[in-house]
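Let's take a friendly walk through this structure, stopping at a few places along the way. Have the sequence and the 3D view ready.

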Amino acid sequence: MTAETILTNAILVLPDATLQGTLLIRDGRIAEISPGRSYAPGARDLEGDHLIPGVVDVHTDNLERQVQPRQNARWPSRSAMIAHDAQCAAAGVTTVLDALCLGDLGFDQGRGQTFLDGVADLDALAHTGALRSEHFLHLRCELPAPDMVPALDPVADHPLVRMVSLMDHSPGVGQYRDIPRYVAMRVRQTQMTEAQVQDRIAFLLDQRERLRGKQRAWLLDRIRHRALPLASHDDDTPEEVRANLADGITISEFPVTLDAAQAANDAGVEVIAGAPNIVRGGSHSGNVAAADLVRAGAADAFASDYVPASMVEAAWRTAEETGISLSAAVAMITDRPARMAQLADRGRLEAGMRADLVQVRPLQGHPVVRRVWREGRRVA
């Protein structure tokens, strides 16, 4: 028997416009979009709310925050995964690329276990119906870390891997190019003295010199056969963007300067900006404001980074504050990231696409997620 659902009296956010209308779901797909209201028996009245595609988040670290809700309190991994999934679904994120870190530079020793547990939990839960959103893996590879290679090798061919990013969180480059700021941060976050942090910096820079180049070359060779989307992380110069492109890296995640983002745009490299950066009104690390990237035409998509609930709010704020249309802003959290992750069946309100849908009501300037469907089934 064919399963049908009619959602009506909604502002449909289409790829190029908005439409007051009706959307028909049939067997988990969008079957038809029409203007006006439906009076068919059983049609669900969305009360004039917006209806947007399900959000596609290509980079979220939110699992790490569920695994370690406090500094010295590690949560059971399976419980953390289920809580993380529920938060994503409630935020309208129906497709999640869990960005798990491979490699430790000495300040985040628990991340290795989070990665191993995260992969095991997804393997155990992905096909059980226990997860509300659809989850994939985004492997965040810390290039100068000595444990990156043994962590990546066993999962390089995992079928859930949809993206790989190349990171370097060494002091003095990228996100941490401001050494005094880096020292102050590490002293604040750890029990180390300033002298101990300075010693650690010297060690990390020596390690970077020894390992980064050869491990980068190994990584690119190891995953080349997968033809996965490759991203760089925290680009800070045009030269870095161009060097990455020469190696087949066509996505720039969270560039930290406007020059790097504009160079990426000029070269045809897609740029991911942080949705929390939009919501907060700037970078928490003192880097370029994501709204400035949008105004410069140098941002293609948003990712939640560490707050899933930031995605829908970032789209609405972007439309209000930068002058782009709501359709274009919503595409930055739906269609554009879906295309980046090579997921061609979602991200747009069009006939034939998956019925991953989010009902949103702007309330006193804040977009509130009211209902969420994944493949036509209500999940939040």
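In which loop is the place of Pro 144? Pro 144 sits in the loop between β8 and α4, the latter covering residues 148-152. Before going further, please keep in mind that this is a predicted model.

Stay with Pro 144 for a moment. Is Pro 144 buried or exposed? With a relative accessible area of 0%, Pro 144 is buried, because that word applies to anything under 20%. Look around Pro 144 and, leaving aside residues up to four places away in sequence, you will find that it touches Leu 105, Met 167, Asp 168, Ser 170, Gln 207, Arg 208, Leu 211, Arg 212 and Gln 215.

Rolling a probe the size of a water molecule over the atoms shows where empty space is left. Here the count comes to one cavity of 30 Å³ or more, and the volume of the largest cavity is about 30 Å³. Three helices, α1 (62-67), α2 (77-90) and α3 (111-125), each supply at least two residues of its lining, with α3 giving the most, four residues. Among the lining residues are Leu 63, Met 81 and Asp 117. By class, the lining of the largest cavity divides into three nonpolar, three polar and three charged residues.

The last stop is strand β12 (residues 270-274). Four of its five residues are buried, so β12 is largely enclosed by the rest of the structure. What does β12 pair with? One partner is strand β11 (residues 251-253), in the parallel sense over three bridges, and here Ile 251 stands opposite Glu 270 in β12. The chain runs from β11 through helix α8 (residues 258-267) to β12, a β-α-β crossover that is right-handed. Strand β13 (residues 301-303) also pairs with β12 in the parallel sense, over three bridges, and Gly 274 stands opposite Ala 303 in β13.

Note on methods. Residues numbered from 1 in each chain as written. Predicted model: local features only at pLDDT ≥ 70, side-chain atom pairs only at ≥ 80, totals over all residues. Heavy atoms only, no water. Buried < 20%, exposed > 50% of the residue type's maximum accessible area, 1.4 Å probe, protein only. Contact = heavy atoms within 4.5 Å. Pairing = 2+ DSSP bridges. Right-handed = clockwise from strand over helix to strand, strands pointing away. 1 Å grid on protein atoms, 1.4 Å probe; cavity = no way out; pocket = protein on both sides within 12 Å on 5 of 7 lines; lining within 4 Å. Points joined across faces, edges and corners; volume = space filled by probe spheres on them. Nonpolar A, V, L, I, M, F, W, Y, C, P; charged D, E, K, R; others polar.
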